[in-house]
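Open the model in a viewer and follow the stops below in order. Each stop says what to select and what is there.

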Amino acid sequence: MARFDVLIVGAGHAAAQLAVTLRQRKFEGSVLIIGEEAEPPYERPPLSKDYLSGDKSFERILIRPPAFWQERRVDMLLGRRVERVLADLHQVVLSDGSVIRYGSLIWATGGAPRKLICPGRDLVGIHYVRTRADVDRMKEKLPRVEKVVVIGGGYIGLEAAAVMRKLEKHVTLIEALDRVLARVAGEPLSRFYEAEHRSHGVALRLSAQVECVEGDDGVMSGVRLVDGEVLPADMVIVGIGIIPAIEALKAPGAKTSNGVDVDEFCRTSLPDVFAVGDCAAHRNRYAQGATIRLESVQNANDQAATVAKFLTGLHEPYDAVPWFWSNQYELKLQTVGLSAGYDQTVLRGDPATKAFSLIYLRRGRVIALDCVNAARDYVHGKLLIQNRRAVSTDRLADTTKPLKELVAAATA
Ligand code: FAD
């Protein structure tokens, strides 16, 4: 039976970063990555951006060229799924029944798209955006598509809508809540993005509930809303969140909540089993100590680095400021910190100029910023979040002075 010192399950962002960091830190042991998808690790964000639009080839979104992994002696078993974890035996069982032993196991499986549950959910023509294969299926059909209905006004839905408009499709976006980005951003940001999408020709249906997907002969033809309106469609794109892929860790008894629970070193409750990235639920001080899952490249990379350090003798707790980005049309949004729990917002700059920041405070301290085409605010805002001093809201709003000066004042 094969044995690896480090066995990483999932071949995504976190897996790649973990293997890279292990080798950077001169880890000499054997490393195996097992991934369900056929491809070596690639960047997922372009799937709803320039890979979907056709502006970037697949080769350009590979995290490392294939030769890199060979040179670094990182073995890969791709197109294979881990079905069971026998934690007491330090073994995993693959879908083909083969068994592999490990010294340390790192669970880096991300999540599967949350599926529609309404009637018509299995009709052909409904698409989810999580893997290269998902997007290739969409791209193959796009030349024959005129009308697209996007379900979900989160980042993935909005990005997909922007790409579809660039490709000159008719786009309607359905959001169940009364504004887009409601779960992650304050109202001014939501309203700004709604206006941008409308000005680019996207029809928005807010506070709209999907009754069913309609179709003939197994093929989707449109989406019916609860109020009776039917939106004809040649393609439906669904972006309504993910479900963390943690079933195989639940069976041997790992503690779970909204993900696999991990401590500050990303250790699960199972011996020598770690979890990182989208599937890992951790206490985050930027969320006022709440246990959360983050779905971001930053979190996947930084948690992976935490584990790689831990395995090479450096015990540095995970404590990174969360950050995220989203590209839609000509707008580059950079978010830093977590806005949940804010009690005040400050608008810095004028949204009409398409370069501004929305700053979130809690008890007088900056906890997050959404920066639209405002990279400097993003860089300095991160420092404001880290040093946790009370700051004047008038100064935050004053665009004649860079946030940098406030950082200096708060640190003095
Ligand atoms: P993933 O990258 O999802 O990798 C997990 C891998 O594990 C997958 O390949 C999966 O198939 C595999 N796997 C699952 N179960 C098993 C099993 N049992 N056995 C073997 N393999 C398994 N983040 C940002 O910060 N900015 C963005 O702009 C952004 N845009 C995004 C756009 C899209 C369309 C998507 C889908 C995500 C986006 N994200 C973005 C989120 C970001 O991509 C994720 O947070 C990141 O990929 C998480 O990395 P991960 O390694 O935890 O999981």
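Start by selecting Ala38, which touches Leu78 and Gly79, where contact means heavy atoms within 4.5 Å and residues up to four places away in sequence are not counted. The model is a predicted one, in which local features need pLDDT of at least 70, side-chain atom pairs count only at pLDDT 80 or more, and totals for chains, interfaces and linings use all residues. Residues are numbered from 1 along each chain as its sequence is written, and side-chain values use heavy atoms, with hydrogens and water left out.

**Ala38 and its loop**

Ala38 sits in the loop between strand S2 and helix H2 (66-71). Helices (H or I, at least four residues) and strands (E, at least two) are DSSP runs, numbered from the N terminus. At 60% relative accessibility, Ala38 counts as exposed. The classes used here are buried for under 20% relative accessible area, exposed for over 50%, and partly exposed in between, with a 1.4 Å probe and protein chains only.

Now draw a distance from Ala38 to Leu231. The two are 193 residues apart in sequence, and their C-alpha atoms are 35 Å apart in space.

**The ligand**

Which residues are the closest to the ligand? They are Glu37, Arg44, Lys49, Arg130 and Asp278, out of 32 residues that surround the ligand. By class, this shell holds 14 nonpolar, nine polar and nine charged residues. In that count Ala, Val, Leu, Ile, Met, Phe, Trp, Tyr, Cys and Pro are nonpolar, Asp, Glu, Lys and Arg are charged, and the others, Gly among them, are polar.

- Glu36: a backbone N or O atom lies 3.0 Å from a nitrogen atom of the ligand.
- Glu37: a polar side-chain atom lies 2.5 Å from an oxygen atom of the ligand.
- Arg44: a side-chain N or O atom is 2.8 Å from an oxygen atom of the ligand.

The ligand taken alone exposes 990 Å², and the protein buries 96% of that. Areas of this kind come from the Shrake-Rupley method with a 1.4 Å probe; for residues, only the protein chains shown count as cover.

**Salt bridges**

A salt bridge is a side-chain nitrogen of Lys or Arg within 4 Å of a carboxyl oxygen of Asp or Glu. By this rule the count comes to 27.

Move to helix H3 (residues 132-141), where Arg137 and Asp134 lie three residues apart, about one turn of the helix. They form a salt bridge, with the closest N and O atoms 2.8 Å apart. Arg137 is partly exposed at 46% relative accessibility, whereas Asp134 is buried at 13%.

Then select Asp263 and Arg267, another salt bridge, with 2.8 Å between the closest N and O atoms. Asp263 is partly exposed at 25%, and Arg267 is also partly exposed, at 34%.

A further pair is Lys401 and Asp398, whose side chains meet in a salt bridge at 3.4 Å, N to O. Lys401 is partly exposed at 33% relative accessibility, and Asp398 is partly exposed at 21%.

**Two positive phi angles**

Most residues other than glycine have a negative phi. Select Cys266, where phi is near 70°, a positive value. Cys266 lies in the loop between strand S17 (260-261) and strand S18 (273-275). Is this residue buried or exposed? Cys266 is buried, with a relative accessible area of 0%.

Glu168 also has a positive phi, near 65°. Its place is the loop between helix H4 (155-166) and strand S10. Glu168 is exposed, at 70% relative accessibility.

**Thr172**

Finish in strand S10 (residues 170-174), which holds Thr172. Thr172 is buried, with a relative accessible area of 15%. What does Thr172 touch, not counting residues up to four places away in sequence? Its contacts are Val148, Val149, Val150, Ala203, Arg205 and Leu231.

How values were computed: A residue is near a molecule or strand if one of its heavy atoms lies within 4 Å of it. A polar contact is a pair of N or O atoms within 3.5 Å; within protein, one must be able to donate a hydrogen and the other to accept it, and residues adjacent in sequence count only if both atoms are side-chain atoms.
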